Amino acid sequence: MWMSPGQNQSWVSEFILLGFSSDPTTNRILFSAFLLLYLSSVLGNGLIITLVCLDMHLHTPMYFFLCILSLLDMSCVTTTMPQMLMHLLSRSQTISFAGCWLQMYIFDAVGLTECILFVVMAFDRYVAICYPLRYTVILSWGLCTQLSAGTWACGFFFSLIHTFFTMRLPYCGPNRVNHYFCEGPSVQNLSCLDTHVIEMVDLGISVFMVVAPLLLIVASYIRIAQAILKFKSMQARCKAFSTCASHLTMITFFYAPATYLYMRPNASYSSE
């Protein structure tokens, strides 16, 4: 659907999300699988938040940041999956221009916030292992709150920049997005103007919000490894490494696909 402000100019008022398949049987199978995944994610992360809030022994900086991570994960899947599930069972797969703008903004904001949060969590592990006796003094609740607020502010601010430049592009032709949600590169490919400028903006945001945090995380763990190797007890070393294992696993599963998908120019990007 297009709206025309004049005879020689038009713009898209809605997008069509192509999703995974046009086959009804396949879509029903996908609906069941993704509904189970969605409920598992929401219930699992909700359980983490509930347990941390109820158990006084878990009221520490590490679990405070873990609660925030769980909240971000719930926000991420809730931004995209309910609509995807609805489209899997519905004939209509449209989303309004404003709805696409909002979905892209929230999804990017949550993702960028997670990038910064992983740095904060690495700093938490660094302080806990390198300065165990001063852990609660250095990471006071006031500092934890400020770090948390800072991660959200950075994520939502840079997402606003990305979304603003993407959605102000003129979309005057095809409106079929080859994806199951309004993802930035997939939507940008539909623009009827050159996207070189927005690609440069995205690259700058990616370097600042993905590459720089990853380098800080690596630097933190180098210092952590140096501190652990100084421990005389092998049991103490294993315990220290085990406290970092889950964090390193999350970083790997988050940054590996994010780097592969979004640290490339749109010309080499494939929605498939």
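Biologist: Is Arg125 buried or exposed?

Modeller: The idea is to compare the relative accessible area of a residue with a cut-off, and buried means under 20%. Arg125 has a relative accessible area of 8%, so Arg125 is buried. Please keep in mind throughout that this is a predicted model.

Biologist: Where in the fold is Arg125 placed, and with which residues is Arg125 in contact once its neighbours within four places in sequence are left aside?

Modeller: Arg125 belongs to helix α3, and beyond its sequence neighbours Arg125 is in contact with Met62, Tyr135, Tyr221, Ile224, Thr243 and Cys244.

Biologist: What can be said in the same way of Ser220?

Modeller: Ser220 has a relative accessible area of 16%, and because the cut-off for buried is under 20%, Ser220 is buried as well. Ser220 sits in helix α7, which covers residues 196-229, and, not counting residues up to four places away in sequence, Ser220 touches Ala122 and Tyr126.

Biologist: How should I read the buried positions along a helix, and which residues of α8 are buried?

Modeller: An α-helix has 3.6 residues a turn, so residues three or four places apart point the same way. In α8 the buried residues are Ala240, Cys244, His247, Ile251, Phe254, Tyr255 and Ala258, and they pack against α3, residues 97-130, and α7.

Biologist: How far does α8 reach from its first C-alpha to its last, and where is its kink centred?

Modeller: Helix α8 runs over residues 234-262, 29 residues in total, and reaches 40 Å, which is close to the 42 Å expected at 1.5 Å a residue. The kink in α8 is about 30 degrees and is centred on Ala245. At the start of α8, a side-chain oxygen of Ser233 comes to within 3.3 Å of the backbone nitrogen of Gln235.

Biologist: What span should helix α1 have, and how far apart are its end C-alpha atoms?

Modeller: Helix α1, residues 24-54, has 31 residues and should therefore span 45 Å at 1.5 Å a residue; the end C-alpha atoms are 44 Å apart, which agrees. The buried residues of α1 are Asn27, Phe34, Tyr38, Asn45, Gly46 and Val52, and these pack against α2, residues 61-89.

Biologist: Let us turn to the strands: in what order do they lie in the open sheet?

Modeller: Strands of a sheet pair through backbone hydrogen bonds, either parallel or antiparallel. Here the open sheet has three strands in the order β4-β3-β5, with mixed pairing, and its edge strands are β4 (94-96) and β5 (176-177), each of which pairs on one side only. Strand β3, residues 14-17, is joined to β4 by three bridges and the two run antiparallel, whereas two bridges join β3 to β5 and these run parallel.

Biologist: Which residues stand opposite one another in these pairings?

Modeller: Phe15 has Ile95 of β4 as its bridge partner.

Biologist: Which residues of β3 lie on its covered face, and which on the uncovered one?

Modeller: In a regular strand the side chains alternate between the two faces of the sheet. In β3, Phe15 and Leu17 form the covered face, while Glu14 and Ile16 form the uncovered one.

Biologist: Which residues touch the most other members of the largest nonpolar core?

Modeller: That core has 33 residues, and Leu117, Phe118, Ile217 and Tyr255 touch the most other members. Helices α2, α3, α7 and α8 each supply at least two residues of this core, and the largest share, 13 residues, comes from α3. Apart from this core lies another, of 14 residues, among them Val12, Ile95, Tyr171 and Cys182.

Biologist: And how many helices and strands does the protein have overall?

Modeller: The protein has eight helices and five strands, and buried residues make up 39% of its 272 residues. The C-alpha trace spans about 75 × 40 × 30 Å along its principal axes. Among contacts with a separation of 6 or more, 76% are between residues 24 or more positions apart.

Key: Residues are numbered from 1 along each chain as its sequence is written. This is a predicted model: local features need pLDDT of at least 70, side-chain atom pairs count only at pLDDT 80 or more; totals for chains, interfaces and linings use all residues. Side-chain values use heavy atoms; hydrogens and water are left out. Helices (H or I, at least four residues) and strands (E, at least two) are DSSP runs, numbered from the N terminus. Buried means under 20% relative accessible area, exposed over 50%, partly exposed in between (1.4 Å probe, protein chains only). Contact means heavy atoms within 4.5 Å. The expected span of a helix is 1.5 Å times one less than its number of residues. The bend at a residue is the angle between axes fitted to the seven residues ending there and the seven starting there. A polar contact is a pair of N or O atoms within 3.5 Å; within protein, one must be able to donate a hydrogen and the other to accept it, and residues adjacent in sequence count only if both atoms are side-chain atoms. Two strands pair if DSSP finds at least two bridges between them. A nonpolar core is a set of buried Ala, Val, Leu, Ile, Met, Phe, Trp, Tyr and Cys residues joined through side-chain atoms within 4.5 Å.
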